[in-house]
Amino acid sequence: MDPLVRFGVAVPASLLAEFDLYIQGKGLQNRSEALRQLIREKLSREIWSRGEGAVFGTVTIMYDHHVKDASSSLTSLQHDFVESIICTTHVHVDHDHCLECIVLKGNGRTIKEFTDALSAVRGIKTIDLSISSIL
Ligand code: NI
């Protein structure tokens, strides 16, 4: 485990008060833990946006499976990116809608290519990407 390093941070009082409310609302243990989480989330996004380094991610999509070729396009696309996809969970939401949660591992550039390609599939209503790394 990495040793912990202490450092001082100066912030406006109002910002700190808002941060404490955030910590309380999230049920986090203390400011250090909250700050570590925020730094990791921000840096994971940064690594992803640079396209370098391995990141993990999930992309959750909601789509209308009645739209012509929606389901087959999604399947084909996932086969095109098989090296980056760990698994997919499919949920039949209602008569019209399906939800898929796709777990990804790979470099940021590839994951971005995949999510961009998803955006082009007709019938997709929402795409929500979450990125993590092992920082
Ligand atoms: Ni379905």
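Which helix gives the largest share of the nonpolar patch? Helix α2, residues 31-50, does, with three residues. Helices here are DSSP runs of H or I with at least four residues, strands are runs of E with at least two, and both are numbered from the N terminus. Before going on, note that this is a predicted model: local features need pLDDT of at least 70, side-chain atom pairs count only at pLDDT 80 or more, and totals for chains, interfaces and linings use all residues. Residues are numbered from 1 along each chain as its sequence is written, and side-chain values use heavy atoms, with hydrogens and water left out.

The patch itself lies on the surface and is formed by F7, V9, V11, L15, L35, I39, L43 and L135. Together these residues have about 720 Å² of accessible area. That area comes from the Shrake-Rupley method with a 1.4 Å probe, and for residues only the protein chains shown count as cover. A patch takes residues with over 30% relative accessible area and no salt bridge; nonpolar side chains (Val, Leu, Ile, Met, Phe, Trp, Tyr) are joined within 5 Å, like charges within 9 Å.

Now pick out L135. L135 counts as partly exposed because its relative accessibility is 48%. The scale is simple: buried means under 20% relative accessible area, exposed over 50%, and partly exposed in between, with a 1.4 Å probe and protein chains only. R36, found in helix α2, is 99 residues from L135 in sequence and 9.8 Å from it in space, C-alpha to C-alpha. Q37 is also found in helix α2. Q37 and L135 are 98 residues apart in sequence, with 9.9 Å between their C-alpha atoms. Q37 is partly exposed, at 29% relative accessibility.

H92 counts as exposed, at 64%.

Next, the empty space. Rolling a probe the size of a water molecule over the atoms shows where such space is left. The largest pocket has a volume of about 950 Å³. Its lining counts 21 residues, and F7, S32, L35, R36 and I39 lie nearest the pocket centre. Helices α1 (13-26) and α2 are the elements that give two or more residues to this lining. The largest share, eight residues, comes from α2. The search uses a 1 Å grid over the protein atoms alone: a pocket is an open set of points with protein on both sides within 12 Å along at least five of seven lines, where a cavity is a set of points where a 1.4 Å probe fits but cannot get out. Lining residues have an atom within 4 Å of a point. Grid points are joined across faces, edges and corners, and the volume is the space filled by probe spheres set on the points.

Finish with the charges. Side chains of opposite charge can pair when their charged atoms come close. How many salt bridges are there? The count comes to four, with a salt bridge taken as a side-chain nitrogen of Lys or Arg within 4 Å of a carboxyl oxygen of Asp or Glu. One of them joins R31 and D20, whose closest N and O atoms are 2.7 Å apart. R31 lies in helix α2 and D20 in helix α1, so this pair ties together parts that are 11 residues apart in sequence. R31 is partly exposed, at 42%, and D20 is partly exposed, at 28%.

Another salt bridge links E33 and R36, with 2.8 Å between the closest N and O atoms. These two are three residues apart in helix α2, so about one helical turn separates them. E33 is partly exposed, at 23%; R36 is partly exposed, at 29%.

D69 and K68 also meet in a salt bridge, at 3.4 Å from N to O. K68 is exposed, at 61%, while D69 is partly exposed, at 44%. D69 is found in the loop between β1 (54-64) and α3 (70-80). Most residues other than glycine have a negative phi. Phi of D69 is positive, near 70 degrees.
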